[in-house]
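Please keep the sequence and the structure in view while reading.

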Amino acid sequence: MNPLFSTSKAAVMTISLSGFMGSGKSSVGKELQKLLSCPLTDLDEAIEQREGKSVPEIFADCGEEYFRKTELSVLEGIFRSEAEENPEADGAQVRILSLGGGTLMTPECAAIIKEHTLNFYLKASIDTLAENLKDISGNRPLLKGKDLRGRIEELMAERESVYEAAADHTIATDGLGYGEIASKIMEISGLG
Ligand code: S3P
């Protein structure tokens, strides 16, 4: 194990949620937090807290490269020292980590997630993603002002294999509610 990371999977099981923007990572994370009464870290929110700005503001002020570096740094911090950086996770058996849609595209982030978490890829069809994103794409810097469907297809072509490669389990989410997805994750993880 990389000595930078003192936490092993055995100490606290981290269930990480990946998938494209609009796939329901944050909402499923909240469901799991409720059902398991366990800590939840939303990576985008953790980045916003560190920077004191929203994700769109970080992209606008500092660019995507800076956002990706910050994303990696915050992710490293989550696994560096449980006691110092995540006091709320102290003593917990399980915790949830919802990722950003592009987190795994940084190879160092993908390596951390593969080594330290049980990863679930929330796989949604282009139709479902387009529907889920139609009212909120203005809040996603990589989608804003673009033809939504075309842009989803373009990014998915780059990302799908990366999501699949990092996943311990893939859940086809079309037609499922967030609670149903959370239940499936609990069952597969042996927490149901
Ligand atoms: C991004 C997804 C966003 C956020 C940022 C970049 C991406 O998170 O991290 O806008 O590259 O797919 P969500 O997947 O939670 O929307």
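## A partly exposed threonine

Thr-128 has a relative accessible area of 24%, so it counts as partly exposed, since buried would need a value under 20% and exposed a value over 50%. The model in which this value was computed is a predicted one.

Thr-128 belongs to helix H6, which covers residues 126–133. Its side chain is in polar contact with the side chain of Ser-125, at 3.1 Å. Thr-128 also has a neighbour from another part of the sequence: Asp-174 is 46 residues away along the chain, yet the two C-alpha atoms are 6.7 Å apart in space.

## A buried threonine

Is Thr-103 buried or exposed? The relative accessible area of Thr-103 is 0%, and buried means under 20%, so Thr-103 is buried. Thr-103 is part of a loop, the one that runs between strand E3 (94–98) and helix H5 (107–116).

## The residues around the ligand

Where does the ligand sit? The ligand is found in the largest pocket. There are 14 residues around the ligand, and those that come nearest are Lys-25, Asp-44, Arg-68, Arg-140 and Arg-159.

Sorted by class, this shell consists of 6 nonpolar, 3 polar and 5 charged residues.

## Contacts and cover of the ligand

Some distances to oxygen atoms of the ligand can be listed one by one. Asp-44 has a polar side-chain atom 2.7 Å from a ligand oxygen. For Arg-159, a polar side-chain atom likewise lies 2.7 Å from an oxygen atom of the ligand. With Gly-102 the backbone takes part: one of its N or O atoms is 3.2 Å from a ligand oxygen.

How much of the ligand's exposed area does the protein bury? The ligand exposes 390 Å² when taken alone, and 96% of that area is buried by the protein.

Terms used:
Residues numbered from 1 in each chain as written. Predicted model: local features only at pLDDT ≥ 70, side-chain atom pairs only at ≥ 80, totals over all residues. Heavy atoms only, no water. Near = heavy atom within 4 Å. Polar contact = N/O pair within 3.5 Å; in protein donor to acceptor, adjacent residues only side chain to side chain. Areas by Shrake-Rupley, 256 points an atom, 1.4 Å probe, with all protein chains shown as cover. 1 Å grid on protein atoms, 1.4 Å probe; cavity = no way out; pocket = protein on both sides within 12 Å on 5 of 7 lines; lining within 4 Å. Sits in = over half its atoms within 2 Å of the grid points. Nonpolar A, V, L, I, M, F, W, Y, C, P; charged D, E, K, R; others polar. Helix = DSSP H or I, 4+ residues; strand = E, 2+ residues; numbered from the N terminus. Buried < 20%, exposed > 50% of the residue type's maximum accessible area, 1.4 Å probe, protein only.
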